[in-house]
Amino acid sequence: MSILEILKYPDPFLKIKAKPVSRIDEETRKLISAMIETMYFARGIGLAATQVGADKRIAVLDVPAEQRAGGRGQGENLIVLINPEIIAHEGETKYEEGCLSVPGFTADVKRFATVVVKGLDKNGKGLEINAGGLLAIALQHEMDHLDGILFIDRLSKLKRDIIKRKIKKAIEDEKKQL
Ligand code: QAP
Ligand code: CO
């Protein structure tokens, strides 16, 4: 059992482009378990390795079934994705996103409506996911993290500047409280 610290914007580590995983060794397996525990503990639906300070292309997701076409029972929606890539996409959609690394803030973000994502599962077996709805959005959000991109970076410059100013002010106010 280990809960990891989630890095918060503007931590510079959130901007790195994570390195591909070449071997799923003991250290990688431990990281994956800790990421899953941390995601559930923080009540998130997705978490990328860079958010917990690990330079590896790994994401974990658990998008609730009712929000997911053809979804199954709770606890059966856990996805571990290693070295993910979008191999096809269609359409466009907009969703009010949040992020565990930008707590307390949300904004409408434009994404592909459906994606086909290729990668490896936790055992290194090839995996292909055909997703729409919230899962498609979550996959794109987590894959962005692995390239050092936050949802606020996907906003227009005007909206981005406004939200960044609000976040910085919230951090300042929090410091004053101490
Ligand atoms: C990424 O986000 C995502 O601000 C996962 O106070 C976002 O789990 C995928 C969270 C939108 C699809 C759509 C955020 C929890 C969790 C907060 C999350 C907060 C507490 C965000
Ligand atoms: Co995020």
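This is a predicted model: local features need pLDDT of at least 70, side-chain atom pairs count only at pLDDT 80 or more; totals for chains, interfaces and linings use all residues.
Me: Which residues coordinate the cobalt ion (ligand 2)?

Reply: Look for N, O and S atoms within 2.8 Å of the metal, since these are the donors. For the cobalt ion (ligand 2), they are SG of Cys 99, NE2 of His 141 and NE2 of His 145, at 2.1 to 2.2 Å.

Me: How are the donor residues spaced in sequence?

Reply: The spacing can be written as a pattern, and here it reads C-x41-H-x3-H. Cys 99 belongs to the loop between strand S4 (93-97) and strand S5 (107-111), while His 145 is part of helix H2 (residues 133-146), so this pair ties together parts 46 residues apart in sequence.

Me: Is Cys 99 buried or exposed, and is His 145 buried or exposed?

Reply: Buried means under 20% relative accessible area. Cys 99 has 11%, so Cys 99 is buried. His 145 has 1%, so His 145 is buried too.

Me: How many residues surround ligand 1?

Reply: A residue is counted if one of its heavy atoms lies within 4 Å. Ligand 1 has 16 such residues around it, and the closest are Gly 44, Ile 45, Gly 98, Gly 104 and Glu 142. The protein covers 78% of the 500 Å² of accessible area that ligand 1 has on its own.

Me: Which element gives the largest share of that shell?

Reply: H2 does, with five residues. S4 and H2 each supply at least two.

Key: Residues are numbered from 1 along each chain as its sequence is written. Chains are lettered from A and ligands numbered from 1 in the order in which they are written. Side-chain values use heavy atoms; hydrogens and water are left out. Donors are N, O and S atoms within 2.8 Å of the metal (3.2 Å for Na, K and Ca); water is not among the atoms, so sites may look incomplete. Helices (H or I, at least four residues) and strands (E, at least two) are DSSP runs, numbered from the N terminus. Buried means under 20% relative accessible area, exposed over 50%, partly exposed in between (1.4 Å probe, protein chains only). Accessible areas come from the Shrake-Rupley method with a 1.4 Å probe; for residues, only the protein chains shown count as cover.
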